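Please read the numbered points with the model in view.

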Amino acid sequence: MSRYSAINLLRNALGGHRHWPVVWRDPAPKPRYEVVIVGGGGHGLATAYYLAKHHGIRDIAVLEKGWLGGGNTGRNTTVVRSNYLNDESGSLYELSLKLWEGLSQELNYNVMFSQRGVLNLAHTEHDVQSLRRHVFANRTQGIDAEWLSADEVRAFCPILNFSPGARFPIRGGSLQRRGGIARHDAVAWGFARAADRLGVDIIQNCEVTALKREGDRIVGLETSRGEIAAGKVGVVVAGHCGVLAAMAGFRLPIESHPLQALVSEPLKPVLHTVVMSGLVHVYVSQSDKGELVIGAGADTYNSYAQRGSLGIIEGTAHALIELFPCFSRLRMLRSWAGIVDICTDVSPIISKTPVAGLYFNCGWGTGGFKATPGSGFVFAHTIVRDEPHPVAAPFSLDRFTSGAIVPEHGAAAVAH
Ligand SMILES: Cc1cc2nc3c(=O)[nH]c(=O)nc-3n(C[C@H](O)[C@H](O)[C@H](O)COP(=O)(O)OP(=O)(O)OC[C@H]3O[C@@H](n4cnc5c(N)ncnc54)[C@H](O)[C@@H]3O)c2cc1C
């Protein structure tokens, strides 16, 4: 801790916390911006940051209807990896993983990225074949991937259930050692602070209620804090992208579903990696505070309510105990849900739209936290150049008419 920080800590401890410097400004919206980003989650904030940092645009606003990171960015289980199956996805998520590796330095803010590895378990012959195929695909993409035998999995994560009577025997696993977890709030705050310092106006409690067009061109927005004119608008609102698309007069091939997660009481450090099982359908990591962070699949019905059904939580807890009997007496502290935006091919949309000057970044579904820096990086390029970044090109909206989809369904085991 620097001398300045120590003095500040003491001053605030004795002074009722009134002297902390603001981390980002709280400006009133201006009547016009060159670029407006709708959505103050990680992806929107990262887009604004890279627009300002790499493309020299400083007349930018990020409009957030609630508080920064109050959407999926602050509700996710923070698994970061790049071992997707298709080359297009591999390029996108690997770009992001490389940015993660320098993100704390880039933002001068500790996002607590911990490369503790992501282990996918194989329980059946089919699992073995498909995960090995996955490992080979990743290696040809230049992405680190290893196949572990059952004995190697046991040595790597000894608390897994290797008893002879286990209902789901472990036959091996794939491991991406560069994968891991990060601190979700810190990612939003780090990008917000860095974007603010580059002059980006971050405006919270500002809901976009209409998108204004003149003919086929976007010209501005109506918001709960008045009208704002804009040269270009980037929409990054995750589960609400269908609502914003309707405001612009088109539909997206996306469904919104609740996705839940739960957290246990804290434990001593026992789990030093992220473990996933697509077959038993659960994944778990241990946070730096000691809590287990646990998730599984989305609720099957469509909803905009940020709450899910008890059946998913019960199934997730059953699956956890199948894999880790030692967790069977743990108490769960809390559970919650976010609204995830799932495309028909389970890949994201980073794209121009039928409306000139309007761009959408959405469809990250259950797995977009890991893409936060890469998504912002390629989306900023797409907005500035009015053409997709080469890495983002396969994720344009026109893939749903050309048929060149990027099918990632199931390729990720549990899709996180
Ligand atoms: C339970 C759960 C677990 C997950 N686990 C993982 C994981 O382990 N790894 C992983 O990679 N991904 C995971 N995800 C997915 C990940 O959280 C998302 O893909 C990612 O965070 C999306 O970020 P975002 O910035 O696009 O969206 P958000 O963080 O949701 O930001 C969108 C913002 O838009 C705002 N907004 C909406 N409508 C308007 C409007 N009209 N006007 C203004 N603002 C508006 C919202 O308030 C919100 O803050 C998980 C998601 C959930 C719910």
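1. A definition is needed at the outset: a residue is called buried if 20 or more other C-beta atoms lie within 10 Å of its own, exposed if 12 or fewer, and partly exposed in between. Asn-108 has 10 C-beta neighbours inside 10 Å and therefore counts as exposed. The model under discussion is a predicted one.

2. Asn-108 lies in the loop between helix H4 (103-107) and strand E4 (118-122). The phi of Asn-108 is near 55°, a positive value in a residue other than glycine. As background, most residues other than glycine have a negative phi.

3. His-17 is placed in the loop between helix H1 (3-14) and strand E1 (32-38). Is His-17 buried or exposed? His-17 counts as exposed, because it has 9 C-beta neighbours inside 10 Å.

4. Gln-176 belongs to strand E6 (residues 172-176). Because Gln-176 has 24 C-beta neighbours inside 10 Å, it counts as buried. The C-alpha atoms of Gln-176 and Ala-145 are separated by 4.9 Å, while the two residues are 31 residues apart along the chain. When neighbours within four places in sequence are left aside, Gln-176 is in contact with Arg-81, Asn-83, Gly-117, Val-118, Asp-144 and Ala-145.

5. The overall form may now be considered. The protein has 11 helices and 18 strands. Its C-alpha trace spans about 70 × 65 × 40 Å along the principal axes. For 416 residues, a compact globule would have a radius of gyration near 22 Å, and the protein agrees with this because its own value is 22 Å.

6. What percentage of the 416 residues in the protein is buried? Buried residues make up 50% of them. Among contacts in the protein with a separation of 6 or more, 75% are accounted for by residues 24 or more positions apart.

7. The domain assignment gives domain 1 (31-82 + 84-109 + 184-255 + 345-402) and domain 2 (118-180 + 256-343). The C-alpha centres of domain 1 and domain 2 lie 28 Å apart. Across the boundary, 31 residues of domain 1 are in contact with 29 residues of domain 2. On the side of domain 1 that touches domain 2, two or more residues each come from strand E3 (79-80), helix H3 (87-101), helix H8 (241-248) and E12. Helix H3 gives the most to this side, with four residues. The residues of this side of domain 1 divide into 13 nonpolar, 12 polar and six charged.

8. The last point concerns the ligand. How many residues surround the ligand? The number is 39, and the closest are Gly-41, Gly-71, Asn-76, Gly-338 and Gly-368. At least three residues of the shell come from each of domain 1 and domain 2. Helix H2 (42-55), strand E12 (254-266) and strand E16 (332-343) each supply at least two residues of the shell. By class, the shell around the ligand has 12 nonpolar, 22 polar and five charged residues.

How values were computed: Residues are numbered from 1 along each chain as its sequence is written. This is a predicted model: local features need pLDDT of at least 70, side-chain atom pairs count only at pLDDT 80 or more; totals for chains, interfaces and linings use all residues. A residue is near a molecule or strand if its C-beta atom, placed from the backbone, lies within 6 Å of it. Ala, Val, Leu, Ile, Met, Phe, Trp, Tyr, Cys and Pro count as nonpolar, Asp, Glu, Lys and Arg as charged, and the others, Gly among them, as polar. Domain bounds come from an automatic or database domain assignment. The radius of gyration is taken over C-alpha atoms; the globule rule is 2.2 Å times the number of residues to the power 0.38. Two residues are in contact if their C-beta atoms, placed from the backbone, lie within 7 Å.
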